[in-house]
Amino acid sequence: MSVLLFGVSHRSAPVSVLEQLSTAESDQIKIVEQVLQSPLVTEAMILSTCNRVEIYAVVDAFHAGLSAIGQVLSEHSGMSMADLTKYAYVRYSEAAVEHLFSVASGLDSAVVGEQQVLGQVRRAYASAEANSSVGRVLHELAQRALSVGKRVHSETGIDAAGASVVSVALGIAAKQLGADALQGRTAVVIGAGSMGALSAAHLVRAGVEHIHVVNRSLPRAQRLARKIRESGITADAVALDRMAASLANADIVVSSTGAVSPVVSLADVHHALAGGNRDEVTQPLVICDLGMPRDVDAAVAGLPGVRVIDMDRIQREPSAQVATSDTEAARSIVAREVATYLAGQRMAEVTPTVTALRQRAADVVTAELLRLDHRLPDLDAAHREEVARTVRRVVDKLLHAPTVRVKQLASSPGGDSYAEALRELFELDPTAVDAVATAGELPMVAGGLDVSAETGSAG
């Protein structure tokens with residue numbers, strides 16, 4: 001079994017396609033359940049963020065597994081398989097491992113080096129674990145990816161150089177608002193989830209004077225508003241249906257709700273502008289739409305005095321990029337971690353063969369000692385025990401070198417051939433080896449096949 005990744009991200013598709021693939025949390029669970037209906041898929045996890053939708057699955061067969069996953073995403077998005085594969089990328093085994101490590105490290109983000117994706121990977125894994133859709137393979141892979149991500153952020157400058165999507169958006173907004181930037185401004189944060197809280201924290205640090213927290217669930221908005229007030233900034237909670245009044249006196253709006261359709265309509269903004277008292281040139285309303293799909297009706301960008309900053313704009317911003325030296329240092333860590341992880345997986349894969357071999361030797365020793373008992377029934381217990389210890393020592397010494405060496409050789413690419421040779425030389429029963437592997441729930445062997453070309457995408 002190997003890990004198969006089927007994904008679409010900001011690197012392979014425009015925002016409009018990502019919007020079609022965007023999923024609510026309840027739908028993500030359904031997608032994973034549908035993928036697992038295939039008898040060839042044993043584990044599955046979905047990573048869905050504002051910039052990517054990726055399904056990681058443990059499959060028994062590559063092409064059949066790929067077809068099953070693609071079909072589920074096609075049905076969910078309403079896109080044909082032909083259209084979907086124009087924008088999709090596929091990673092298999094070793095390449096899937098490398099990709100997830102890079103994602104967790106922030107190397108594949110729209111804003112290179114941002115930390116939010118690490119939390120998103122953690123939540124994706126936690127959700128899959130809670131719904132029992134991951135087993136030993138994806139458990140170990142996800143845990144190692146999280147560890148690699150933490151290491152990259154702590155050991156390189158990518159953390160300091162790589163800004164979050166929120167900070168880049170607010171940097172652009174500050175330029176739009178002029179010399180005063182965000183100091184003393186009034187802000188509206190739409191969405192009280194993790195991104196909303198992050199947006200509020202950035203706004204507080206930027207020196208805004210007041211924050212309106214708008215959310216469908218008023219209690220959640222109240223909790224975030226209370227937390228903002230603890231920072232010394234005035235804040236209030238607003239129900240979503242009363243949002244227009246808050247927009248009327250706002251300088252900047254940051255929206256990140258995770259809703260599947262726009263929550264800020266053309267009418268909302270039009271009425272807010274009509275009810276406010278602002279100069280369209282010197283006092284524009286700047287809206288940062290961080291939702292995926294979009295939180296703000298696309299027509300809003302055409303209103304006079306409104307500046308909309310969306311994900312397309314953020315991705316083009318130079319500040320979204322990290323210094324080359326930091327990127328290279330991060331990629332070097334990822335490469336070493338991938339090699340170490342795969343070596344460990346290959347060594348683990350040979351363990352059932354080694355265990356089966358030692359069990360076979362133990363069975364032979366036991367059988368021979370029984371035969372000795374029949375031939376020399378008068379042999380006293382002390383002598384029999386000494387003979388038994390001697391035989392076992394001889395067998396252990398003979399097996400020590402080949403079993404240690406086969407584990408070392410197995411850690412290199414193509415190392416599974418050594419385990420196969422061991423099985424042939426000692427005539428090990430394949431069912432016995434499989435029984436040991438099943439009992440131990442051993443992780444995958446990653447063979448390393450990058451098949452992005454098969455999808456027609458550069459990934």
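## The second largest cavity

In this predicted model, the second largest cavity is lined by Gln28, Ile29, Val32, Ala44, Met45, Ile46, Ala124, Ser127, Ala128, Asn131 and Ser133. Helix 2, strand 2 and helix 6 each give two or more residues to that lining. The space inside comes to about 80 Å³.

The lining of this second largest cavity has no charged residues. Its residues divide into 7 nonpolar and 4 polar.

## The largest cavity

How many cavities of 30 Å³ or more does the structure hold? There are 3. The largest cavity has about 100 Å³ of space.

Its lining is made up of Thr49, Cys50, Asn51, Arg52, Ser109, Ala110, Glu114, Gln116, Val117, Gln120, Val165 and Met195. Helix 6 gives the most here, with 3 residues. By class, 5 residues of this lining are nonpolar, 5 are polar and 2 are charged.

## The antiparallel sheet

Strand 2, which gives residues to the second largest cavity, also belongs to a sheet. This sheet is open and has 4 strands. Their order is 2-3-1-4, and the pairing is antiparallel. Strand 2 and strand 4 (89–92) are the edge strands, each pairing on one side only. Neighbouring strands are turned by 15° against each other on average, direction ignored.

Strand 2 pairs with strand 3 (residues 52–59) over 8 bridges, in the antiparallel sense. Within this part of the sheet, leucine 47 stands opposite glutamate 54 in strand 3.

## Helices on the antiparallel sheet

Which strands does helix 2 lie across? They are strand 2 and strand 3. Helix 2 runs at about 155° to strand 2.

Helix 7 (residues 136–155) packs on the sheet as well. Helix 7 touches strand 1 (2–9), strand 2 and strand 3. The direction of helix 7 makes about 35° with that of strand 2.

Strand 5 (residues 186–190) and strand 8 (residues 252–255) are paired in the parallel sense over 4 bridges. Isoleucine 190 stands opposite serine 255 in strand 8.

## Helices on the parallel sheet

## The largest pocket

Where does the largest pocket lie? Domain 1 (2–155) and domain 2 (160–316) both give residues to its lining, so the largest pocket lies between them. About 1,100 Å³ of space lies in this pocket.

The lining of the largest pocket counts 35 residues. Glu25, Arg123, Ser194, Thr257 and Gly258 lie nearest the centre. By class, the lining has 18 polar, 13 nonpolar and 4 charged residues.

## Elements around the pocket

Which elements each supply at least two residues of the pocket lining? They are helix 2 (25–35), strand 2 (41–49), helix 6 (116–130) and helix 10 (194–206). Helix 6 gives the most, with 6 residues.

How values were computed
Residues are numbered from 1 along each chain as its sequence is written. This is a predicted model: local features need pLDDT of at least 70, side-chain atom pairs count only at pLDDT 80 or more; totals for chains, interfaces and linings use all residues. Side-chain values use heavy atoms; hydrogens and water are left out. On a 1 Å grid over the protein atoms alone, a cavity is a set of points where a 1.4 Å probe fits but cannot get out, and a pocket is an open set with protein on both sides within 12 Å along at least five of seven lines; lining residues have an atom within 4 Å of a point. Grid points are joined across faces, edges and corners, and a volume is the space filled by probe spheres set on the points. Ala, Val, Leu, Ile, Met, Phe, Trp, Tyr, Cys and Pro count as nonpolar, Asp, Glu, Lys and Arg as charged, and the others, Gly among them, as polar. Domain bounds come from an automatic or database domain assignment. Two strands pair if DSSP finds at least two bridges between them. Axes are lines fitted to C-alpha atoms, for helices over the stretch in contact, and angles run from 0 to 180 degrees between N-to-C directions. Contact means heavy atoms within 4.5 Å.
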